[in-house]
Each structure stands twice: as C-alpha cells, then as structure tokens.
Amino acid sequence: MSIDLYGLSRVVGEKGVLPQRAKQLDPALPCRESELLIDVESLNIDAASFKQIKGEVGGDSKRLGERIQEIVRERGKMQNPVTGSGGMLIGRVKELGAKHPARELLKVGDRIATLVSLTLTPLVIEEVKAVHVDIDRVDIRGHALLFASGIYAKLPTDMPDTLALAALDVCGAPALVARHVRPGMTVAVLGAGKSGALCLAQARRNLESRGKLLALDVSQGALDLLSGIGLCDVALKVDATQGVDVMEAVSKATDGQLCDLVVNCASVGNTEMATILSVKDGGTAIFFSMATSFTAAALGAEGVGKDVTMVVGNGYVPGHAALTLDLLRTEPALLQLFGTRYV
C-alpha cells in the first residue's frame, strides 16, 4: 500500500488493529503525507453517547465538557467507553498532506464536516468553549486528523453550520431508508430525534402518498412536532423498552398487519424487541441506533420465531450528504424543525 489509507500508523501499541477498534490513537502533529489536518470548531456527539455521559455526570455542562475531554485525552479520539460510539465534527482545513486524495478538491481554509465517526478520528481538545446540552454539541478549540479513506462534506453556504452539522451527523439514515421504502408499504420509525425526523421525511417521499407512516416515541411533545408538519400518519406515544406494549400499539394502528419496515433510531438501549415484534414476517428492520445490541436483536428474533431481515445502518451510503441536505432544502417545514430544535 503506497499510503497509509486507513490510519494504521496512528494506532498505539496494537499492530494490525484498525483505528476504530484501537484502544488509543496518536493524535500528535505534524500532519502526515496521507492525512488532512483540521482546526476543529465543534463536535456533534452521537445521541446514545451524549445521553450516557449526561447520565453519568449529571446535566452540568462544565462536568460534561470535562468528561468528554478526559475521554479524548485518554484515547486520542472521542469514543465513549460505555457505548463505543462517538459522533462527528466540523472545522476548517489547516493542512493537506502531499498524498491525501482531497488535495485537488479542498484548499486550506475550506470548512468541512467529517462524515466518519469520531471513534476513528485522531483528536486533541485544547479547550472546551461551550457545551450545548440540548443538542449534543460541544464547541472546542483543537485539531483532528482525517485519513485518506475518511469521507467528508464541504459545509453548505445556504444554511447555518450548526444546522448542517446536526443533519450531516445522521445523514446515513435517510439515505438507507431511500433504498428500502417503496410505495404501498407500512413503515414505522422508532425515535423522533434528528435521524428519526429525516427518516420519516425520506420515507414520506418514497411512499408517494401510497402506504402508511408511523412515528413512535416516548415524548408526546416530539411526536406533536412531527405530526404538526405532516411527517407521519400516526403518532404513537410508547416506551420502546417495552416490546410487547409497542407491538400491541402498532398492531392496533395497522389493523393487525404490523409493518413492512421498522427503522430504529432510538437513543436508549433495550429497544431491539420493540422493533422486531412490530415487523411482519418477511419484513425488514433497520437499526441505526448506536445503543442497539445486535446480539439481543439476532437472538431475540430467533427466540420469538420472527422471520425478519435485519439491516445494520453503518452511517455511509454513497451520496448520503447530498441527499440529506436536499431533504432540508426541499422540505421547508423540516428545515424549520431542525432550525428550531438543533441550531
């Protein structure tokens, strides 16, 4: 291999281990020939990780920032030791290595969002400037390194950075939904946060007014917002950790037919069976939540004798950034929702 495509040289003390699986990365400067150096402005911590840290240290923003900085200092990357997940970042290009493939596409000073996880991104936090508890964002002063294989998107100029960051953080979700939803299907989305709203919007587009769209969440307020802008036909207030209760609610809403597709965007654990039980035999479940136990999902489906195709959303689908930004640009109510909740 002529260049260090995957950043193996940044792994500390574990030969042959990829950066995402590594216990520790070396984020030290200088930038190497196959890397891109970023002056980081903000981290968007994934929902499952932020929720866990908040539960661990309480809602105090100072302590939240300190805990995130501790993790990064220990590991050389932002990878929650409990959830295993991270998030993504925005920043400004500071340096392009001589062999980085983006040399012809980017220039110093360009503002970008990384579309690979913070769990594999070498990172240094020099200062935590602000913690935005309500939107899982941390503003920092620091630097990060993007490997040659790392994907990114230039920040759009027609919407606030924070809005673009919130959407791009979960852009793999609606892109994968676009592959699976067809007119006439009954689709449920579990979780009414960022990824849930985008998945509902994409599913609505794919259904072409033929089919049924359900939104499920524990928060009535979140459901009301989605219903208010026409993103679902049915809104069900449910506790997704109670699988049988969710199945009964979905069964009632679908006249006993259940769903062709259920998309799990929940930010809490123990929601696998709510997803599986809500899918009809022969249907599909997509798991986007980083709180998912895939062992529990696989064994749970087997245990209840459910013939369900289970798809793991890996966060990358070709064209996912453009698709998500197009959703926001062409759905004014969705754009307003994101602007209200996540900016």
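**Close-up views of a predicted model**

Leu18 is found in the segment that precedes strand E1 (36–45); strands (E, at least two residues) and helices (H or I, at least four) are DSSP runs, numbered from the N terminus. The model is predicted, so that local features need pLDDT of at least 70 and side-chain atom pairs count only at pLDDT 80 or more, whereas totals for chains, interfaces and linings use all residues. Residues are numbered from 1 along each chain as its sequence is written, and side-chain values use heavy atoms, with hydrogens and water left out.

**View 1. A nonpolar surface patch formed by Tyr6, Leu8 and Leu18.** Together, Tyr6, Leu8 and Leu18 have about 270 Å² of accessible area, computed by the Shrake-Rupley method with a 1.4 Å probe, only the protein chains shown counting as cover for residues. Patches consist of residues with over 30% relative accessible area and no salt bridge; nonpolar side chains (Val, Leu, Ile, Met, Phe, Trp, Tyr) are joined within 5 Å and like charges within 9 Å. Leu18 counts as partly exposed because its relative accessibility is 45% (buried is under 20% relative accessible area, exposed over 50%, partly exposed in between; 1.4 Å probe, protein chains only).

**View 2. The salt bridge between Lys23 and Glu14.** The closest N and O atoms of Lys23 and Glu14 are 3.4 Å apart; a salt bridge requires a side-chain nitrogen of Lys or Arg within 4 Å of a carboxyl oxygen of Asp or Glu. Lys23 is exposed at 60% relative accessibility, while Glu14 is buried at 19%. The structure holds 23 salt bridges.

View 3. Glu66 and Lys62 form a salt bridge at 2.5 Å, N to O. Glu66 is partly exposed at 30% relative accessibility, and Lys62 is exposed at 56%. Glu70 pairs with Arg67 in a further salt bridge, with 3.2 Å between the closest N and O atoms. Glu70 and Arg67 are three residues apart in H2, about one turn of the helix. Salt bridges with shared partners link Glu56, Lys62, Arg63, Glu66, Arg67 and Glu70 into one network.

**View 4. Packing of helix H4 (residues 172–180) and helix H5 (residues 194–207).** The axes of H4 and H5 lie 8 Å apart at an angle of about 25 degrees; axes are lines fitted to C-alpha atoms, for helices over the stretch in contact, and angles run from 0 to 180 degrees between N-to-C directions. H4 and H5 are therefore roughly parallel to each other (angles under 35 degrees; over 145 is roughly antiparallel, 65 to 115 roughly perpendicular and the rest oblique).
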